[in-house]
Amino acid sequence: MSRRWIQNPNRCVDKYLDGIEDFIEFARRHNPGATRIQCPCRRCNNTLWETIENVGFHLVRNGMIETYSIWNLHEEQLDHDSSSNATRMDSVEPIVDHNDQVMDIIQDAFPFASTNINHEREDDMPTSIDSAEFEQYEKLFKNANQELHPGCESFSVLMAIVELIHGKIKYHMSSLCFDYILGVFKRMLPTDNCLLKDHKHAQNVLNSLGLGYEKIHACKNNCMLFYKEHETLDTCLICNESRFKMTSQNRTTKISQKFMRYLPLKPRLQRLYMSTHTATDMRWHKEKRVDDDVMRHPADGEAWKEFNRTLPEFAADPRNVRLGLATDGFNPYGILNQHHSTWPIFVFPYNLPPWKCMKKEYMMMTVLITEDPGRSIDVYLRPLVDELKDLWTNGVRTYDKSTGKMFTLRAAVMWTVNDFPAYAMVSGWSTKGYMACPVCKEDVTSGWHAGKVCYLGHRRWLPWDHE
């Protein structure tokens, strides 16, 4: 029985669906009377037991493990010759050199750092990086090749930093706890080890990879940002509130009363094309998508197609990025009676295939507002709006790893995704009161009745004979 359908990335074609039916029939036949079997989808990975019906659903939604072509965990018998010497394919972990992975990250961050020839005459070729970037590259390259201690071949200094920082983030470790564990590890290792002593020094090394953030000072009353033309001001132009906190006379450091964190969008979009893992996938919506009137991706929708018809110049280059913007407030402490909310603003690149574009790895947080901005969210959105305008009008020169050439990357926001209260904040249109409908606007039929605003013409868009 051919099992090539398992490697098919398109899980909606008839061959894949027929293959799933064959697997379900095989599982029923070899597990008579069983109500639950091991689920071989990519998420359950043959470690969770599900009902046979749920297994079929999981395989359509998540796909089957690509290496699971011999269904031995579902009672498939192998020939003696092949089973005695063969290693179970589904249980074999791919051999991955983590130091090589770190080197790949450096090469993605500095794709032409080793280029000594300046190609300025050719517009589609990358130019050499400046001295500051090359210094960062050399520093990372040195840490990536330096052994953690003499004789340690499995871990470089950079690999150790990446692994430890990853664990800190994954398990929500505080910086104080991380510093303690780092100190313990440093004492465990030989005395001539090169492990860094605390989180601050480790973070300084990783900052050379780019993709950092900016702190932008804000008015205490959310009136304005001290940004661009207002960067040098010490008081708010609207409410005259001081930009800095009152401190003792002996203290020379100025501490802002409020600030926002802004994560620039351009370098994050550029990195998608500079990385070998995503450069080709960013053209999936144009080159690999099956156009058969089946809705699998936003590119199959009418809004996307209408955008292409309206702006054919933008649509001509599949590398131009289509974005979605989403935001909402939440209480990070989980205390319902505490009046606090944090507002992250995310951007989603929809060029990627459907099994990637909504993964958290590709969700780009661009703004982090540490309190409820109320109606002043547009104040905090200004850096993002300015950058989106520039990406639409001028674009940014970007290196495409898949072709080895430079191109001008442009981007457009296709839509925003919000609940109704957040929609009111982002759009600036009040979603309560007499003109609460953002579609009808001034034409809405509303009136005061029984102590509240009622919308008496809410049937106006339905046919007269509607039930």
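Modeller: Let's start with H58, which is found in helix α2; helices (H or I, at least four residues) and strands (E, at least two) are DSSP runs, numbered from the N terminus. Bear in mind that this is a predicted model: local features need pLDDT of at least 70, side-chain atom pairs count only at pLDDT 80 or more, and totals for chains, interfaces and linings use all residues. Residues are numbered from 1 along each chain as its sequence is written, and side-chain values use heavy atoms, with hydrogens and water left out.

Biologist: Is H58 buried or exposed?

Modeller: The labels rest on relative accessible area: buried means under 20%, exposed over 50%, and partly exposed in between (1.4 Å probe, protein chains only). H58 has a relative accessible area of 11%, so H58 is buried.

Biologist: Which residues is H58 in contact with, leaving aside its neighbours within four places in sequence?

Modeller: Contact means heavy atoms within 4.5 Å. With those sequence neighbours set aside, H58 is in contact with C39, C41, C44, E50 and G63.

Biologist: How is helix α2 arranged against helix α1, roughly parallel or roughly antiparallel?

Modeller: Axes are lines fitted to C-alpha atoms, for helices over the stretch in contact, and angles run from 0 to 180 degrees between N-to-C directions. Helix α1 (residues 14-30) and helix α2 (residues 52-62) pack at about 155 degrees, with their axes 10 Å apart. Angles under 35 degrees count as roughly parallel, over 145 as roughly antiparallel, 65 to 115 as roughly perpendicular and the rest as oblique. So α1 and α2 are roughly antiparallel.

Biologist: By class, how many residues does the contact of α1 with α2 have?

Modeller: On the α1 side there are Y16, L17, I20, F23, I24 and R28, and they meet I52, E53, V55, G56, L59 and V60 in α2. For the classes, Ala, Val, Leu, Ile, Met, Phe, Trp, Tyr, Cys and Pro count as nonpolar, Asp, Glu, Lys and Arg as charged, and the others, Gly among them, as polar. The contact of α1 with α2 has 9 nonpolar, 1 polar and 2 charged residues.

Biologist: What about α6 and α8: roughly parallel or roughly perpendicular?

Modeller: Helix α6 (residues 157-170) and helix α8 (residues 199-206) pack with their axes 10 Å apart, at an angle of about 110 degrees. That angle makes α6 and α8 roughly perpendicular.

Biologist: What is the phi of N222?

Modeller: Most residues other than glycine have a negative phi. N222 is found in the loop between β3 (214-218) and β4 (258-262), and N222 is buried, with a relative accessible area of 10%. N222 is not a glycine, yet its phi is positive, at about 65 degrees.

Biologist: And what is the phi of K228?

Modeller: K228 lies in the loop between β3 and β4, and at 46% relative accessibility it counts as partly exposed. K228 is a residue other than glycine with a positive phi, near 55 degrees.
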